[in-house]
Amino acid sequence: MAKRVCVIDIGSNSIRMVVYEKTSRFSFHLLHEAKSKVRISEHAYQNGGNLQEIPMQRTFEALKDFLTISNSLKARKILCVATSALRDAPNKQIFLKQIKNELKLNIKIIDGVKEAYFGAIACANLLPEQTNALSIDIGGGSTEFSIIDHKDVSHTLSTKLGTVRLKELFFDTNDLQGAIAYIDKQLAVLDDLAPTTLIGIGGTFRALSSAIMIKNCYPLKKLHAYEFSVKEFENFIALILAADEKKLFEMGIEKNRFDIIKPGSLILDRVLKKISFHNIITSGVGVREGVYLSDLLRNSKAKLPTNYNTSVRYLLDTHIHNKSYSNQLNKLSKDLFDITYEYLGIDARYRYELSVAAKLYPIGTSIHYYSANKHSYTLVKNALEYGFTHKNIILVATLIKFARKRLPSLLHIEKYQELLPDSKTVNALSYLISITVALLSHRPNNIDFNLEFNNGVLFIKSSEKLYLSRDAIKKIDSIENLKIDFL
């Protein structure tokens, strides 16, 4: 697979382009993103599905610019797919031939089942692992559903529901009851399903999630893997459906979505009335990422390897120059956790966050040595994107920020209170990562000491003096019930 790949997704409402860069076999990061609300399906549903001249021209111009960007970034492969608006259009060949002849771009029209599959494999690989979840991808012309269970995808379904389609067929004539009847008939495909988690893909879901996030003064500005309650979502959708444009603006909805946010919200409203979900999670990934992953993982059944995290690997590939040191931090942190967690009263599940924090602790030195912790913290908070909950991300970032320094400040803990575990747990984990870093101050080729723990005392046994380690231990904030003794 090429190192840099451009993916273009032509939807009914928007077209989007992303350029991904590989850093190792299954590791990648977003290099560039662009989008344009060309609304290629505008007036199509009122004209037998036929694409209209002005929307086609807008799309042509946007694609032309996208290709310029792709060339400037030296992308070696372009994967371009089109969804509902083009697959439904009787005159689509006119547009496809123009693009191929003038832009030398081949557009692959994917059917609804394939579209559902792409969105679902993106969620299955790049969200925290889910069981018995239903993904919903609301587009301009269609809405796709899939069942996700761990990394397995099934029941890929496509319906003729879409924000632009509903707007032109029902909302433009204020036929709300007609829209409800039409939606409910399409949703009959879900009759035999009983998922417990709803995963939202697409612009409508992201717009609603973003507005809820702002309303709640949420402390982490990250939509991917953002979770909120079903009741809150139901109430917010009800407010959206009853709002005028002034109220929509006050609720955080962008002006260019005023005419399609209600059709999308009504689809969600009817889904929530049909199925009793326990959890709701927002996906920042969708068809584009799915197209990319299907190419990247074509020999792996569209699944990233077990216990492999592409975001962690990207940070290591990009910012760690001494892999041995990072691996030692990772191993030592887990060894410390294993012999102390029961005594300290820490839940065993936090072993993972501690080990990730230890492994990524040095990444900030690639930017600036003297402010390494600050840069490591910022990188983790923003770039530890895929496969982590927001609670995972903030805990890992917090441990890194205060490693080898003081214990986490009360101000920091209060700011992220809804995402962090109790302060006792945070402080204990923080002390363990600080001990880890301090004990490796002399950067040995191999760990040259052993650990023993007995009655609240951590014994460090070594034939070496460990002068720097001893000195570093003295400088870090400690917790009351854990002592350190060098033998």
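Reader: What makes β2 largely enclosed by the rest of the structure?

Author: In this predicted model, a residue counts as buried when its relative accessible area is under 20%. Eight of the eight residues of β2 fall in that class, so the strand is largely enclosed by the rest of the structure.

Reader: Which residues of β2 point one way, and which the other way?

Author: Ile15, Met17, Val19 and Glu21 point one way from β2. Arg16, Val18, Tyr20 and Lys22 point the other way, and all of these residues are buried. In a regular strand the side chains alternate between the two faces of the sheet.

Reader: How do you know that β2 and β3 pair?

Author: Pairing requires at least two bridges between the strands. Strand β2, residues 15-22, has eight bridges to β3, in the antiparallel sense; therefore the two count as paired. Val18 stands opposite Glu33 in β3, and Glu21 has His29 of β3 as its bridge partner. The two strands form a hairpin, with five residues between them.

Reader: What joins β1 to β2?

Author: Strand β1, residues 4-10, is joined to β2 by seven bridges, and the two run antiparallel. Glu21 of β2 is the bridge partner of Arg4. Four residues lie between β1 and β2, which form a hairpin.

Reader: Why are β3 and β5 called edge strands?

Author: The open sheet has five strands in the order β3-β2-β1-β4-β5, with mixed pairing. Strands β3 (28-36) and β5 (108-109) each pair on one side only, and they are the edge strands.

Reader: How do you know that helix α12 is mostly covered?

Author: Burial means a relative accessible area under 20%, and seven of the ten residues of α12 (310-319) are buried. They are Thr310, Ser311, Val312, Tyr314, Leu315, Leu316 and His319.

Reader: What covers the buried residues of α12?

Author: The cover includes strand β3 and the helices α4 (112-126), α13 (323-344), α14 (351-360) and α15 (372-383). Cover here rests on contact, meaning heavy atoms within 4.5 Å.

Reader: Which residues of helix α6 are buried, and what covers them?

Author: In α6 (residues 176-186) the buried residues are Gly178, Ala179, Ile180 and Ile183. Among the elements covering them are α5 (163-169) and α10 (261-274). An α-helix has 3.6 residues a turn, so residues three or four places apart point the same way.

Reader: Why does the radius of gyration of the chain agree with that of a compact globule?

Author: For 487 residues, a compact globule would have a radius of gyration near 23 Å; the chain has 25 Å, which agrees. The C-alpha trace spans about 85 × 45 × 40 Å along its principal axes. Of the 487 residues, 56% count as buried.

Reader: What share of the contacts in the chain joins residues at least 24 apart?

Author: Among contacts between residues at least 6 apart in sequence, the share is 71%.

Reader: How many positive and negative side chains are there?

Author: The chain has 65 positive and 50 negative side chains. The centres of the two sets lie 6 Å apart.

Note on methods. Residues numbered from 1 in each chain as written. Predicted model: local features only at pLDDT ≥ 70, side-chain atom pairs only at ≥ 80, totals over all residues. Heavy atoms only, no water. Rg over C-alpha atoms; globule rule 2.2 N^0.38 Å. Buried < 20%, exposed > 50% of the residue type's maximum accessible area, 1.4 Å probe, protein only. Lys, Arg positive; Asp, Glu negative; His and termini not counted. Charge placed at Lys NZ, Arg CZ, Asp CG, Glu CD.
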